[in-house]
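I opened my notebook today to look up a few things in a protein model. Here is what I wrote down along the way.

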Amino acid sequence: MSVLTPVLSIAGSDCSGGAGIQADLKTMSANGCFAMSVITSVVAENTARVISVLDVDPKIIADQIDAVFEDIRPKAVKIGMLDNPDIMQVVADKLVEYQAENVVIDPVMYAKNGAPLMDPNCIDSLIRIVIPHADVLTPNIPEAECISGLKITDLEGQKAAAKAIQEMGCTSALVKGGHATGDAIDVLYDGKNFYEFSAKRINTKNTHGTGCTYSSAIAANLALGHPFHEAIDRAKKYVTMAIEHSLELGNGNGPTNHFWDLYAHGLAGFDANA
């Protein structure tokens, strides 16, 4: 009998398939996990624009989380778009109720085209309600600036922001360098030490959903039992591959190619009879 490691994404839905729940499910599947979902918001968006957003009722969000945890307990939880304080609170409460493990939180604030996906007035709620539940928080530079209140212009700025954010209560903070220049360097602070994860910068506009993809890959690798820093390193390699082979789809920022390596080489180390 085959068994796949279960992982849960709690996030918004991107109907164009490049980000949000859709990117999370593809990423978790490509990394050898059984992907499950709790939808927090329905976003009408494509590669070029966000048309509208409809938040899911918090009661339905709670019921979705109950449905997953009472039957197929996930080995890791990735959290993405939480659009308002009521949604933040119900998700936080459920994380505590079920003592969720390996919680990776991507504080989604903007779509790739710059459209807001979280009310800026909710930053304080994000800090107070959500951040303390993260084993690792994965903001990009604009998000890290909003959360920390610091301006980031170089690697030292990333370190300062990572430290400030970690001190808000999360176990560790990973400030991503995708919005910087030069190599794409991400800075992790775990309360004691700084670590850097570096990859070559890919010259492409097709980066829709990279934050969702990266955080989901971290969650998947943690669920599979990889040590913390190794899980991030593996996720960094995965998202770099997906960007390198990104897809020329749509009129804006196209999506990454979640399954390129899988299609080319198969899932390394996967035993279908396990």
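I began with the surface of this predicted model. The protein exposes about 11900 Å², and 53% of that area comes from carbon and sulfur atoms.

Next I looked at what is hidden. Of the 274 residues, 52% are buried.

Then I checked the overall dimensions. A box of roughly 50 × 40 × 40 Å along the principal axes holds the C-alpha atoms. I asked myself what radius of gyration a compact globule with 274 residues would have.

I turned to the fold. I found nine helices and nine strands. Among contacts with a separation of 6 or more, 68% join residues 24 or more positions apart.

Charges came next. I noted 20 positive and 33 negative charges, and their mean positions lie 4 Å apart.

Where does Cys15 sit? I found Cys15 in the loop between strand S1 (5–14) and helix H1 (20–30). Is Cys15 buried or exposed? Its relative accessibility is 58%, so Cys15 counts as exposed, the cut-off being over 50%.

I also wanted to know which residues Cys15 is in contact with, leaving aside neighbours within four places in sequence. They are Gln22, Val43, Ala44 and Glu45. I looked again at Val43: Cys15 and Val43 are 28 residues apart in sequence, while their C-alpha atoms are 6.8 Å apart in space.

Definitions and conventions
Residues numbered from 1 in each chain as written. Predicted model: local features only at pLDDT ≥ 70, side-chain atom pairs only at ≥ 80, totals over all residues. Heavy atoms only, no water. Helix = DSSP H or I, 4+ residues; strand = E, 2+ residues; numbered from the N terminus. Rg over C-alpha atoms; globule rule 2.2 N^0.38 Å. Buried < 20%, exposed > 50% of the residue type's maximum accessible area, 1.4 Å probe, protein only. Contact = heavy atoms within 4.5 Å. Areas by Shrake-Rupley, 256 points an atom, 1.4 Å probe, with all protein chains shown as cover. Lys, Arg positive; Asp, Glu negative; His and termini not counted. Charge placed at Lys NZ, Arg CZ, Asp CG, Glu CD.
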